[in-house]
Amino acid sequence: MLAAHPGSFFCYVPKTPTLFGTLLGARAATEQAVNERLDRYVEATTRRSQAQAVSTTPETQVQKFVYPGGGVTVQPGIVPLTHELVRVTPYVQQSKDTILVFFGALSNLHDLLARSRSGSGVVAPEGAGTGVLTTACLLDLYKSFENGRELLLLSELQGQYAFVLYDSSKKQAFAARDPSGAEPLYFKIDEDGGVQYTNSLEHLPRGETERRSWKELKPGHYMLGKAVVQFALSLRQLEKREKKESLDADALHMMLQRESQAEEEERSGFSALAPVRSLLRNRSK
């Protein structure tokens with residue numbers, strides 16, 4: 001049985017050259033920059049595996065995916081499920097224009113597949129495993145909810161996850177992390193406008209691991225290009241809101257109790273004065 005070790009990835013999306021820059025050959029320079037960044041990560045990951053004596057198989061060797069305007073490298077990891085069964089992570093799915101790197105699991109995957117298959121959306125081989133089905137389903141949702149409807153896409157997902165989806169047709173990445181924060185995800189915006197993503201700062205090449213230059217994509221947030229947007233409350237925020245609502249409910253309960261007690265005292269006082277008022281009326285007659 002292979003020794004368990006976490007999977008990791010690195011995604012680099014340089015600043016998109018302008019039309020004028022493209023005419024001057026900036027596209028070739030961009031592709032070279034992508035290859036250089038990815039190669040540095042591959043070399044660092046390979047050295048790290050050798051130093052830790054991590055055994056590899058064809059399924060766990062470092063993979064490199066280069067697309068127009070960006071690219072991804074993946075170091076697959078081994079997650080034991082039972083004594084004999086393991087899972088290779090992250091899940092990776094690629095198409096002509098996109099590549100998806102997914103960590104975690106979707107708890108409503110079967111529901112999503114049932115709805116998608118009714119519309120013949122998900123394309124996956126018969127008997128495909130969880131990883132293939134998860135990534136195929138997410139890519140189908142991305143195609144259905146693209147062009148500014150990322151919130152609708154994320155509202156469909158339930159579970160613990162972190163993913164990065166690079167779309168070469170738009171020269172940008174779409175990354176998200178569920179509200180639990182169970183799966184880590186970091187990003188870095190370069191001075192020249194390029195964007196980098198990873199799930200493990202420890203696996204970055206030397207010189208790239210300065211934590212102050214990397215930021216955590218907070219739970220319940222997504223990132224499209226260089227824009228970071230919150231799409232759901234994190235567990236900590238939910239706890240704070242529930243506590244505030246509980247305190248507000250207690251305060252409201254106490255206020256209603258005081259008002260009820262004041263009304264009761266007022267009624268009691270009115271009843272006690274009733275005989276006196278009756279006597280005064282009789283004397284006046």
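The model is predicted, so local features need pLDDT of at least 70 and side-chain atom pairs count only at pLDDT 80 or more, while totals for chains, interfaces and linings use all residues. Residues are numbered from 1 along each chain as its sequence is written, and side-chain values use heavy atoms, with hydrogens and water left out.

**The overall picture**

The chain has 6 helices and 14 strands. These elements are DSSP runs, numbered from the N terminus: helices are H or I with at least four residues, and strands are E with at least two. Of the 285 residues, 38% count as buried. Here buried means under 20% relative accessible area, exposed means over 50%, and partly exposed is in between (1.4 Å probe, protein chains only).

The chain exposes about 17,000 Å², and carbon and sulfur atoms supply 53% of that. Such areas come from the Shrake-Rupley method with a 1.4 Å probe; for residues, only the protein chains shown count as cover. Now for contacts, meaning heavy atoms within 4.5 Å. Among contacts in the chain with a separation of 6 or more, 62% are between residues 24 or more positions apart.

Which strands make up the open sheet of 6 strands? Their order is β2-β3-β1-β11-β10-β12, and the pairing is antiparallel. Two strands pair if DSSP finds at least two bridges between them. At the edges sit β2 (63–67) and β12 (215–216), each pairing on one side only. Inside the sheet, β1 runs antiparallel to β3 (residues 70–75), and 5 bridges join them. Look at C11, which stands opposite V72 in β3.

F10 is found in β1 (residues 8–13). Is F10 buried or exposed? F10 is buried, because its relative accessible area is 4%. Leaving out residues up to four places away in sequence, F10 touches R37, L38, Y41, G71, V72, T73, Q196, Y197, L204 and W214. The C-alpha atoms of F10 and K64 are separated by 9.6 Å, although the two residues are 54 residues apart along the chain.

What about cysteines? C11 is buried at 0% relative accessible area, and C137 is buried too, at 1%. A search of the whole structure finds 0 disulfides, a disulfide being a pair of cysteine sulfur atoms within 2.5 Å.

Side chains of opposite charge can pair when their charged atoms come close. A salt bridge here is a side-chain nitrogen of Lys or Arg within 4 Å of a carboxyl oxygen of Asp or Glu. The count comes to 4 salt bridges, including these:

| Pair | N to O distance |
|---|---|
| D190 and R37 | 3.7 Å |
| K64 and D39 | 2.6 Å |
| R48 and E202 | 3.7 Å |

R48 lies in helix α2 and E202 in the loop between β11 and β12, so this pair ties together parts that are 154 residues apart in sequence. E202 is exposed at 54% relative accessibility, while R48 is partly exposed at 27%.

Back to the pair of D190 and R37, whose closest N and O atoms are 3.7 Å apart. D190 is in the loop between β10 (186–189) and β11 (195–198), R37 is in helix α2 (residues 26–51), and they are 153 residues apart. D190 is buried at 11% relative accessible area, whereas R37 is partly exposed at 22%.

**Local details worth a look**

Most residues other than glycine have a negative phi, and most peptide bonds are trans. K171 is not a glycine, yet has a positive phi of about 55 degrees. You'll find K171 in the loop between β8 (159–167) and β9 (172–177). Then there's the cis peptide bond that joins T89 and P90, with omega about 5 degrees. P90 lies in the loop between β5 and β6 (91–94).

Next, a hairpin. Strands β13 (residues 221–224) and β14 (residues 227–230) pair in the antiparallel sense over 4 bridges, and M223 has V228 as its bridge partner in β14. This hairpin has 2 residues between the strands, and G225 takes a positive phi near 70 degrees.

Finally, where is L85? L85 is in the loop between β4 (77–80) and β5 (86–89), and at 53% relative accessibility L85 counts as exposed.
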